[in-house]
Amino acid sequence: MTEAIIFWAFTAISVTAALGVVFNRSIIYSALLLILVFLSIAGIFVLNNADFLAIAQTIVYAVGMTIIVLFGIMFTGDRAMLDEPLTSVRKLVSLVLATFTFVLLIKTVQFPFSIQPASQSVIQTLMQSGSTKMLGELLFSQFVVPFELASVLLLVAMVGAIVLAKKTFADAGEMSSQQLSYSIDSGEPTKEANSALHAAASRGEVHLEEVTRS
Amino acid sequence: MESFIPPLLMNFMVNNNVALINPEILILAVLITNLLLACSPLKKDQEFSWWLSLTGTGLALVSLGILFVNVYFPTLMDNQITIQQHGVMNVLQVDLFSWVIRTLLTLGTFFVLLLTRRYVEEKASDIPGEFYVVLMGALLGGMLMASAVDLVMLFVALETLGISSYILVGYLRGDLKSAEAALKYLLYGGASTAVLLFGLSLLYGVSGGNTQYAAIADQLQRQLAPFGHAMMPVVPVMLTMIMAGFAFKLSAAPFHMWTPDVYEGAPTPVTAFLSVVSKIAGFGAAIRLLYLLLTLFGQWANVLSVLAVLSMTIGNVVALKQQNVKRLLAYSTIAHVGYMLTAMVVFSLNGISSLLYYLMTYLFMNLGAFAVVIYFANLTGREDIQAFAGLVRKRPGLALMFTIFLLSLAGIPITAGFFAKFFLFQSVVEGGTNYIWLIVLGLLNSTISLYYYLNIVRLMVIAEPSDAVAALPAEPNSIQSISSLGVVMTICLLATLGLGFFANPAYDLSVQAMTQMAFKNVFQHIQVSAVPFPGGGH
Amino acid sequence: MYLGWFPLIFLLIVFAASMPFVLMALAQVVQIKSPTVLKYTAYESGMTPFGDARIQFDVKFYLYALLFILFDIETVFLFPWAMAFGKLGLFGLVEMFLFIGILLLGLVYAWRKGALRWQ
């Protein structure tokens, strides 16, 4: 009974907050309401014995993803969003698509397949210590290869993020002479370019007279 | 060497067949060494990362060769299909099929590395080393995709290849076209991955909470038996999502929209990588998963036939009016994906085997064509088709090689491309009268494709030299960049002709690979009637 | 149903979320009101605000957000490992060191390339 009350409370919060995300005029408020959606869904996870999922939901989605979303909004500014009116055609298409997806999802989960019941020992462990420990054991036995590959995936993503998002790679005091010529070609030598230029000149790589002449 | 490894670890490695993924471990080592090199204070304008990656990929090829001799060759000699365990940690099935795919991927990356020599150093001068880190990451993901027999493994490998590809496409920082292409690829790719993941999660649920293919097949069959196939609403939704996800990755129409823009904007060696290595990895994973699904839901192959016909037609028709040679090759890729999908529609042993043979030839002819395009762009800085006019006057060797690659792509006899199409259409014919329309459309499309392939040949041979060609110096101007491109072109040329001359051994290898894969992957768990292949047969 | 510490955590969240409202309500109750115009102006060196608080941020913040989320995901993997550590033993330790080692390489790279330095 208590479980049902808590479940419906979390469901009500998450649905209300999700509606708020969609209907709020300010995109910042939408993003903040998204945190509430994620947290209440984490609560539903807890009720379903998925304690690890709840933690992951909180750490990765409620915190990490929301930060990314908020930053994304702050970089663009919300003027563009406010100025563009929603045409009725777009509203209609969205409504049809959303309804279709909703019906599809409802139909999808109503399948008569039988999920294999978990063994008694698994249920016992779940009741006593939650799912995190069992996940750990699975992660380091059956899924050890995907687990290690995930670290490579994160590493490549990190390198890629730095390569694509960083403007210059020469701030570590070793701006190459090629880059120097780029920054000089653009007409206005930047502050970094100037200081790096002098550093390079002191190392004897570039002659300042030549640079000023060109 | 063995004595240095602790016995406990040694036992673990032997019990789990870790030796079978030696090439992958080697590639990982190259990736990490490259990253350490990028971190080190060494001078960055040396080509050291390039040499390291090339050597590492070469060693991986050698390691694959050793594996073939020691592990896979004996199974070929065996007339009976030996049910031998090639599983690694329960998530990888490193059998002959995955060996073929992995070899193609490694070979493709080896060629792409040869194509990138100097390219990255010149275009992204301040950060050349990281390119190879990401490229190795993409190769690693692709190789593991080809052997994955577990949904989790499949997804992580797919993402490793995907995310690496997004980064590679946008690698030319400051080039707006490259950035735009990367953004488009990221958005389309992310959306398609989400759809695929949704489909996979439904598959996980429907199969009673299993992630391994064999267990999924087992459970699905047991659960479906009382209901008759595919009557539940969940099944169409699941299959549509999975197929749409793969169609995006393979750039099959109508999910091909991203392809031309991404191919045009990406650095040309990366375009070659996407159009060859990514596609082969995608087909490797798709064959394994769809094998399982189509065995159970055979009628869904009809959806694939729609994709196949659309891809062929759209690819070929739109290619007719392309002016940029990279966009032309993008549409040509879409068309070839369409041809290859027809083999999956028929879904017989011969069909899938001819698909594998098609992938082999496609690797060489398409990479060869890209090598010529890069070589030409290095010489003249042009990518439009008109610029190739009159090339035969100035560079007869180059024009001849391009002609052969294009003829092979068009499927003209004596080249490997002809045999690839021949085997493919033959398997469709064997599939029965239901598929006659596929053959007719396939042949019609091949005829259309002749026009735009031969148009380039006509320009090169007959037309007056374009200003770009006329301005070419008589002698090659940069020995350095020519030598590595020349190696790629020569090997691809030899292989394009060689796979034509030795079509039968290569095809037999494909048949063997598919037979072993099919039996080990699915059929030891499924009791399908007497004939293991639903459509047609061997 | 396994709840563990979650009810307490939930209570903590509720408590923390209600705190601002409680304090504001408390201030309303106990304060002595005698408003003058001067009291509502900005204090000493403070300035009267102008314009919108929403300005466009510099995109270089994004790199930090990206790096943060990558290490965030790494942290998530640590929980099941720590919980199951007793059963995993040496194998788990080696695998986790591999995992963290590879990611640490990314951190070293970011550091070396000055990605952590404010430009």
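**Helices in chain B of a predicted model**

Chain B folds into 22 helices and two strands (DSSP runs numbered from the N terminus: helices are H or I with at least four residues, strands E with at least two). The model is predicted, so local features need pLDDT of at least 70 and side-chain atom pairs 80 or more, while totals for chains, interfaces and linings use all residues. Residues count from 1 along each chain as its sequence is written, and chains are lettered from A and ligands numbered from 1 in the order written.

Biologist: What should helix H13 of chain B span, at 1.5 Å a residue?

Modeller: H13(B) covers residues 301–319, which is 19 residues. The expected span is 1.5 Å times one less than the number of residues.

Biologist: How are H14(B) and H15(B) oriented, roughly parallel or roughly antiparallel?

Modeller: Their axes come within 9 Å and cross at roughly 175 degrees (lines fitted to C-alpha atoms over the stretch in contact, with angles from 0 to 180 degrees between N-to-C directions). Angles under 35 degrees count as roughly parallel, over 145 as roughly antiparallel, 65 to 115 as roughly perpendicular and the rest as oblique. That makes the H14(B) and H15(B) pair roughly antiparallel.

Biologist: How many residues of the contact of H14(B) with H15(B) are nonpolar?

Modeller: Contact puts C-beta atoms, placed from the backbone, within 7 Å. Leu329(B) of H14(B) and Phe370(B) of H15(B) are among the residues making it. Ala, Val, Leu, Ile, Met, Phe, Trp, Tyr, Cys and Pro count as nonpolar, Asp, Glu, Lys and Arg as charged, and the others, Gly among them, as polar. Three are polar, one is charged, and the nonpolar ones come to 13.

Biologist: How many residues of chain C are in contact with chain A?

Modeller: On the chain A side, helices H3, H6, H7 and H8 each supply at least two residues. In total 45 residues of chain A take part, and from chain C the number is 46.

Terms used: Contact = placed C-beta atoms within 7 Å.
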